[in-house]
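Morning, everyone. Please have a look at it on the screen.

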Amino acid sequence: MILGCGIMHPDVRARMPITWTRRHDREIQMITAALRVAFDRLPTDLTDSPMARNRRAYQWLVTRYRDVGLTSFAPDAAVRS
């Protein structure tokens, strides 16, 4: 409830069935600070979104096959810009 309501606009939060206090403000600040530290220290396999994970795998394939000389997986230079 704290995380869900904490990111809301104050006017929207006022309509929720929770009374938002300064204690809740401090809790959301501590939770987000802890999440930032954890996000920075966790491996990318755990923190990547599915699209970022696919992009990282695609870049790995492009690099691998470009080194071999295969260009079928490599993006065109004009498209990459």
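There are two salt bridges in this structure. Before I take them in turn, note that this is a predicted model. As a reminder, side chains of opposite charge can pair when their charged atoms come close.

The pair I take to begin with is Glu27 and Arg23, whose side chains form a salt bridge at 3.1 Å, N to O. Both residues sit in helix α3, residues 22–41, and they are four residues apart, about one turn of the helix.

The other pair is Asp48 with Arg56, a salt bridge at 2.9 Å, N to O. Where does Asp48 sit? Asp48 is in the loop between α4, residues 44–47, and α5, residues 50–68. Is Asp48 buried or exposed? Asp48 counts as buried because its relative accessible area is 14%, and the cut-off for buried is under 20%. Arg56, at 45%, is partly exposed. If we set aside neighbours within four places in sequence, the contacts of Asp48 are Arg53 and Arg56.

Back to α3, then. This helix has 20 residues and spans 29 Å from its first C-alpha to its last, close to the 28 Å expected at 1.5 Å a residue. Which residues of α3 are buried? They are His24, Glu27 and Ile28. These three cover an arc of only 95 degrees around the axis, so they lie on the same side of α3. Glu27, then, is a buried residue and also a salt-bridge partner of Arg23. On the other side of the helix, Arg22, Gln29, Met30, Arg36, Asp40 and Arg41 are exposed. The cover over the buried residues of α3 includes α1, residues 2–6.

That brings me to the nonpolar part. In soluble globular proteins, nonpolar side chains tend to be buried together. Here the largest nonpolar core has five residues: Ile2, Cys5, Ile18, Trp20 and Ile28. Ile28 is one of the buried residues of α3. Ile18, not counting residues up to four places away in sequence, touches Met1, Cys5, Arg13 and His24. Of those, Cys5 belongs to the core as well, and His24 is among the buried residues of α3.

Now the chain as a whole. How many helices and strands are there? The protein chain has six helices and zero strands, so to read the order from the N terminus is simple by the way elements are numbered: α-α-α-α-α-α. The chain has 81 residues, and buried residues make up 16% of them. Among contacts with a separation of 6 or more, 15% are between residues 24 or more positions apart. The chain exposes about 7,000 Å², with carbon and sulfur atoms supplying 59% of that area.

That is what I have on this one.

Key. Residues are numbered from 1 along each chain as its sequence is written. This is a predicted model: local features need pLDDT of at least 70, side-chain atom pairs count only at pLDDT 80 or more; totals for chains, interfaces and linings use all residues. Side-chain values use heavy atoms; hydrogens and water are left out. A salt bridge is a side-chain nitrogen of Lys or Arg within 4 Å of a carboxyl oxygen of Asp or Glu. Helices (H or I, at least four residues) and strands (E, at least two) are DSSP runs, numbered from the N terminus. Buried means under 20% relative accessible area, exposed over 50%, partly exposed in between (1.4 Å probe, protein chains only). The expected span of a helix is 1.5 Å times one less than its number of residues. The arc is that of the directions from the helix axis to the C-beta atoms. Contact means heavy atoms within 4.5 Å. A nonpolar core is a set of buried Ala, Val, Leu, Ile, Met, Phe, Trp, Tyr and Cys residues joined through side-chain atoms within 4.5 Å. Accessible areas come from the Shrake-Rupley method with a 1.4 Å probe; for residues, only the protein chains shown count as cover.
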